[in-house]
There are 2 protein chains.
Amino acid sequence: MIFKLIKDEGPISRAEIARITNLSKTTISQYVESLLSANLVQERYYSDKKGVGLKGTLLEFSKNSGVVIGVDIGFTSMDIAVCNLAAEILNKYSLKISTKENPHIILKLLTEEANKLLVALGISKERIKGLGIGLPSPIDFESNSPICPMTMPDWDRFPIKAYLEKEMGLPVFIEDDANIMALGEKCAGIGKNEDNFIYIKIGTGIGSGIICNGQLYRGLKGCAGEIGHIQIDNETDLCICGNKGCLTALAAGPAISKKGLVYATEGKSKALADLYEANGLVTCEDIGRLANYGDLTCVEIIKESGLYIGKVLAKVVNILNPSLIVIGGGVSKLGDVFIAAIREEVYRSAFPINTRDLNLQRSSLGDTAGIIGAASLAVNELFNYEQITSLLSYNKSN
Amino acid sequence: MIFKLIKDEGPISRAEIARITNLSKTTISQYVESLLSANLVQERYYSDKKGVGLKGTLLEFSKNSGVVIGVDIGFTSMDIAVCNLAAEILNKYSLKISTKENPHIILKLLTEEANKLLVALGISKERIKGLGIGLPSPIDFESNSPICPMTMPDWDRFPIKAYLEKEMGLPVFIEDDANIMALGEKCAGIGKNEDNFIYIKIGTGIGSGIICNGQLYRGLKGCAGEIGHIQIDNETDLCICGNKGCLTALAAGPAISKKGLVYATEGKSKALADLYEANGLVTCEDIGRLANYGDLTCVEIIKESGLYIGKVLAKVVNILNPSLIVIGGGVSKLGDVFIAAIREEVYRSAFPINTRDLNLQRSSLGDTAGIIGAASLAVNELFNYEQITSLLSYNKSN
């Protein structure tokens, strides 16, 4: 509790800690001593305005006493960052991958690139504290492996945590991608001061991370936030999960580009038809660019996707009454028409009281939400653990 | 923390508290002394199996050191109970009311009947610690009053907490009805050992209470769980909230009896038509009774309502990944056909991983979930407060 106060609220004085916790000065002194000797917190001296003499000491988290590695694996890319213990990025690297490949190949790439980043920063082995990783799959937290990952069957039940801990010699923590992005927004983005918000990732798939009462909410088996497989009633498009009318099948990146392709071949939009003839394919980015140039068919495609997402988010708003919805992922770059369509439908169909103080915004962190969140996951997990062990060693010495 | 351990895990020894909390024996002794002198906990002596001599003392919550009043106001009934500090019912009374009446009338009835119960039990004034109350309305927790209550406009922004605190001379805590029922199931029902579950109340309206990570989840403004106003896409029935296709408009008690009336007048079911001719109305209970006698039209009506509820619960399951859904409220008494229809649709349309370990059951507490939950709300709130003040006074004396 004292450590959490110093980490989250620091720099803070011992007197302020006593006031907030109602613990005795002796108890606080003992704990602070053990935290100082474990190099988890440090003292900062401050003087009065004129700089004449010391006025006292504050305590703050030693955020540069170590580093963690944050990794965000998407279906088509992998981002790796080395961060300090406040999850601030020191160095990062992105590469194109495909999760259709075997996890051995991808994870080997991961360890190689992470080690290059560490070498470039000149970081000694003992300063590297852990690794957090986000994956585009539900996670089974008993085996710490992906379960039933769509379009990446080779990864099903692959023991990622155990594999990476052996390869890297570090504690490893895994989480699904939308959850780490929610943690990223909580740590350093527009969710920083919000206790109840949703991060929605719209890309090849659609998923969400939920922050409830200030903490990541995982549900019984880590499958909370599976909004990509919420059905739009009476829609019939088949989804890869086996159900019909899932949000992912109607509104994610592939659904948007598929619709573009249909309209291109039907000749509904000349710009789309020209583009298809030139490139042999239509991408989600193409549709966004053409919409920005004023192609109304592309505007319509984008708006339709936004309306479907809004329909589902309205239900999420009724259930969770959040203060904020953060829209992220590659498809969120489609721009203001897309975000406006989502807002329109949420305000139209959610219960009015639940949208009174609702804010709906694009991610402020963009592509870095994942790596910051993965680093933040590692820090949170490490310092839960370290805190307990430091307390235990304190108690043993008494 | 020590008090919470004794209250939730007791009877418990001081040594066990030290093991769990990692606090020093001196610190624990001091806190326990202040809890004992405040009569919040008591000691229990235990001997070995043969009863030869004392073996030690355990600490337990003094659940009979006071009482709280639990009140559950529905649209057509009010239940009042006097409970001990473990929210166990000592005495209760139910009466028919209508929330269309002015709150002054209903709350006057409440105080009269509560006082009668207290007198019947011979409870002295100083032993009455507080009152918890559930209302069929969203609650504004800044003003502690109902906001935008459907079909009970006189109650909008009525300062219930302040009014009852003045009338009863007790601390009063208010909450929406489905939330207190969820608390009731958490305290004494089938949710007792579950950390992530949903209670859904199906009656004149439909609402839900959400337990996340072991605690009631209220959302930003206390409006979490508003599932009665989640829309079934493409349905057009107008709801009193102003939207179309809300679950309440399609599946709650009035929608069921309205459908019964239509089928009675259309002559689709002879049994329904006879009943309507005899009574001049068709109730939800009538439809349940006729269904049990084998009337297929009534079975169809019940099943249709269950399927709509299942459609919405499937979305809740995708978002929250709960371990348990508890079905309560008057309409839940329609029986197994109703519950089976809900289950069928949840398993059909939720994301398969999210239903792997899902349990869906009727409330085990039935009509008492509300009063137990309201009493439990009061106890939880009182002992948050008392705990803090006792800690404060402890610190002051140092």
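**Entry 1: a salt bridge.** I started with Asp357(A), which forms a salt bridge with Lys221(B). The closest N and O atoms of that pair are 3.8 Å apart. I keep in mind that this is a predicted model. How many salt bridges does the rule find across the interface of chain B and chain A? I get four.

**Entry 2: polar contacts.** Next I looked up the residue pairs in polar contact between chain B and chain A, and the count is 31, with both residues at pLDDT 80 or more.

**Entry 3: which elements of chain B take part.** I went through the side of chain B that touches chain A, element by element. Two strands, β11 (206-212) and β12 (215-217), each supply at least two residues there. Which element gives the most? It is α11(B), with six residues.

**Entry 4: make-up and extent.** I sorted the residues on the side of chain B that touches chain A: 25 are nonpolar, 18 polar and ten charged. In the contact as a whole I find 53 residues from chain B and 52 residues from chain A. The area buried between the two chains comes to about 4600 Å². Carbon and sulfur atoms give 53% of that area.

**Entry 5: positive phi.** I then moved on to the backbone. Asn321(B) is not a glycine, yet its phi is positive, about 45 degrees. Where does Asn321(B) sit? I find Asn321(B) in the loop between α11 and β13 (324-328) of chain B. Is Asn321(B) buried or exposed? Its relative accessibility is 1%, so I log Asn321(B) as buried, the cut-off being under 20%.

In chain A I noted Asn144(A), another residue other than glycine with a positive phi, near 50 degrees. Asn144(A) lies in the loop between β7 (139-140) and β8 (145-146) of chain A.

**Entry 6: helix α10 of chain B.** I looked up which residues are buried in α10 (residues 284-292) of chain B. My list has Cys284(B), Asp286(B), Ile287(B), Gly288(B), Leu290(B) and Ala291(B). A reminder to myself: an α-helix has 3.6 residues a turn, so residues three or four places apart point the same way. What covers the buried residues of α10(B)? The cover includes α8 (253-266), α9 (270-279) and α11 of chain B. After α10(B) comes Gly294(B), and its phi is positive as well, near 100 degrees.

Definitions and conventions
Residues are numbered from 1 along each chain as its sequence is written. Chains are lettered from A and ligands numbered from 1 in the order in which they are written. This is a predicted model: local features need pLDDT of at least 70, side-chain atom pairs count only at pLDDT 80 or more; totals for chains, interfaces and linings use all residues. Side-chain values use heavy atoms; hydrogens and water are left out. Contact means heavy atoms within 4.5 Å. Buried area is the accessible area (1.4 Å probe) that two parts lose on being put together, summed over both. A salt bridge is a side-chain nitrogen of Lys or Arg within 4 Å of a carboxyl oxygen of Asp or Glu. A polar contact is a pair of N or O atoms within 3.5 Å; within protein, one must be able to donate a hydrogen and the other to accept it, and residues adjacent in sequence count only if both atoms are side-chain atoms. Helices (H or I, at least four residues) and strands (E, at least two) are DSSP runs, numbered from the N terminus. Ala, Val, Leu, Ile, Met, Phe, Trp, Tyr, Cys and Pro count as nonpolar, Asp, Glu, Lys and Arg as charged, and the others, Gly among them, as polar. Buried means under 20% relative accessible area, exposed over 50%, partly exposed in between (1.4 Å probe, protein chains only).
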